[in-house]
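Please open the structure in your viewer and keep the selection tool handy. We will go from stop to stop, and at each one you will hear what to select and what is there.

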Amino acid sequence: MAMVTNEWMTVQAAAEHLGVSADTIRRWEKKGLIRAKRGKHGERLFEQPELRRVAEQGQNSSGVWKQLKAEQGTVSLIELFCGAGGLALGLHNAGLESKLLVDFDKDAIQTLQSNRPEWNSVKASVTEIDLHEYEGKVDVMAGGFPCQAFSYAGKQLGFEDTRGTLFYDFARLVSQVKPKMVLAENVKGLLSHDGGKTLETILNILDEMGYEASYKLMRSQFLDVPQKRERLIIMATRKELGLKHLFPEEKRYTVSLRAAIQDAPPSDGQEYSESKKTIMSLVPPGGYWRDLPDDLQKQYMGGSYFLGGGKTGMARRLSWDEPSLTLTCNPAQKQTERCHPEETRPLSVREYARIQCFPDDWEFSGSTSSKYKQIGNAVPVNLGYHVGLAVRTVLGNPASKADLPAELVSGTKWVPTHQND
Ligand SMILES: C[S@@+](CC[C@H](N)C(=O)[O-])C[C@H]1O[C@@H](n2cnc3c(N)ncnc32)[C@H](O)[C@@H]1O
């Protein structure tokens, strides 16, 4: 029987509510177009407002692929862990001014230096730098520090207790620069990492350092990015400024893979081995290993065949009419194949770049595999742009001339837990 619990609905109830089949609801969830949580018995549960939005968005893939831009503002920026510049370029397109970019990857810094020689891009480990010279001179300090576990020994951690992690160094440099805003970007997994304790510790330490924080999970496919890619954005501002935190609101359309790559420039890229080519040639657009004949399914999946679970990323051929699946650092890897919708080959470097919204003249340095890695690691440029517009509004310098300004919404405000102990 269809059950409704508060705002949460079972597959059946959701289907009745929207007048679509239960299979349609399951398909939307599988395609990453709708978020579900698991109930006590492992059943999928859906929230009503999310269902309503998806009912409209799911049918509308009318977005165009373009670089979004705003006029230059007055907000200045340092970015740590900047990689090849996905977030940096997005924030720049939103009108922020880069003062310093730091990463220890040689190719990523070379990419930035050759594309934007006027930016101050420095190859260094974040663990080894000192930024006292920037104290009070920079508005925003951004960074996607890698998500690492802290060791607790049964206690709540303060800043000094996180020594040895990259978050520690990020926080150490924030305490030197004292920016108005800290902008951290991370994978969705940070929300549940170590049962939520890692995020809790990070937000409590920001509070201890004088920053109030909010966070929001952003779904790139609804923010002018032709890709299903979720990123957690944490925004924290100095408490004495009393600023209201805002995040971009999702649009009611998506951008299809076709719109993104159909006219991508020619480019280098990986190739499949002959045996993999034979397998992938049998998978239709939008299909995956389940579309192979049964004997080839067993041969291709090996032991995983009997393990159950969807594994819908394996032997995956992308579909023209939807946003791409999340790009990884290697389009030919077995668990995460990203095969071109028609041609039997992995997506090329330039197609990868288009899907992450880098412009065609953004040249990546290094070997082909290093290029894929730099692109696969990036924050989609247009996601960075939308976040950048929100940052400008929060800091009192909203863009007056901007392509597609999103509506802004609140995130989840962090209530420090250490005050309640
Ligand atoms: C997820 S990527 C950042 C992507 C970037 N924000 C973008 O949008 O393109 C993380 C980056 O952290 C860098 N990194 C990891 N440890 C580092 C360290 N100790 N010092 C400097 N950079 C580091 C890696 O080289 C990698 O480029």
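**Stop one: a helix and what surrounds it**

Start by selecting Gly-95, which follows helix α4 and has a positive phi, near 105°. Helices here are DSSP runs of H or I with at least four residues, strands are E runs of at least two, and both are numbered from the N terminus. Before going on, note that this is a predicted model: local features need pLDDT of at least 70, side-chain atom pairs count only at pLDDT 80 or more, and totals for chains, interfaces and linings use all residues. Numbering starts from 1 along each chain as its sequence is written.

Now select α4 itself, residues 86-93: eight of its eight residues are buried, so the helix is largely enclosed by the rest of the structure. (Buried means 20 or more other C-beta atoms within 10 Å of the residue's own, exposed means 12 or fewer, and partly exposed is in between; C-beta atoms are placed from the backbone.) Which elements cover α4? Among them are β5 (76-80), β6 (97-103), β8 (140-143), β9 (181-187) and α13.

**Stop two: the nonpolar cores**

Next, select Val-140, Val-182, Ala-213, Ile-375 and Val-391, which touch the most other members of the largest nonpolar core, a set of 97 residues. Such a core joins buried Ala, Val, Leu, Ile, Met, Phe, Trp, Tyr and Cys residues through C-beta atoms within 7 Å. Helix α13 (residues 381-394) gives this core its largest share, eight residues. Domain 2 (76-254 + 380-420) and domain 3 (270-347) each supply at least three residues to this core; the bounds come from an automatic or database domain assignment.

Zoom in on Val-182: leaving out residues up to four places away in sequence, Val-182 touches Met-141, Val-174, Leu-206, Tyr-211 and Ala-236. Contact here means C-beta atoms, placed from the backbone, within 7 Å. Then look for a second, separate core of 13 residues, including Ala-14, Ala-15, Ile-34 and Leu-45.

**Last stop: confidence**

Colour the chain by pLDDT, the predictor's confidence in each residue, from 0 to 100. The chain's mean is 90, and 95% of its residues reach 70 or more. Residues 1-5 have pLDDT below 50, and this stretch has eight contacts in the model beyond near neighbours in sequence. Where pLDDT is low, the predicted coordinates should not be read in detail.

Technical notes. Contact = placed C-beta atoms within 7 Å.
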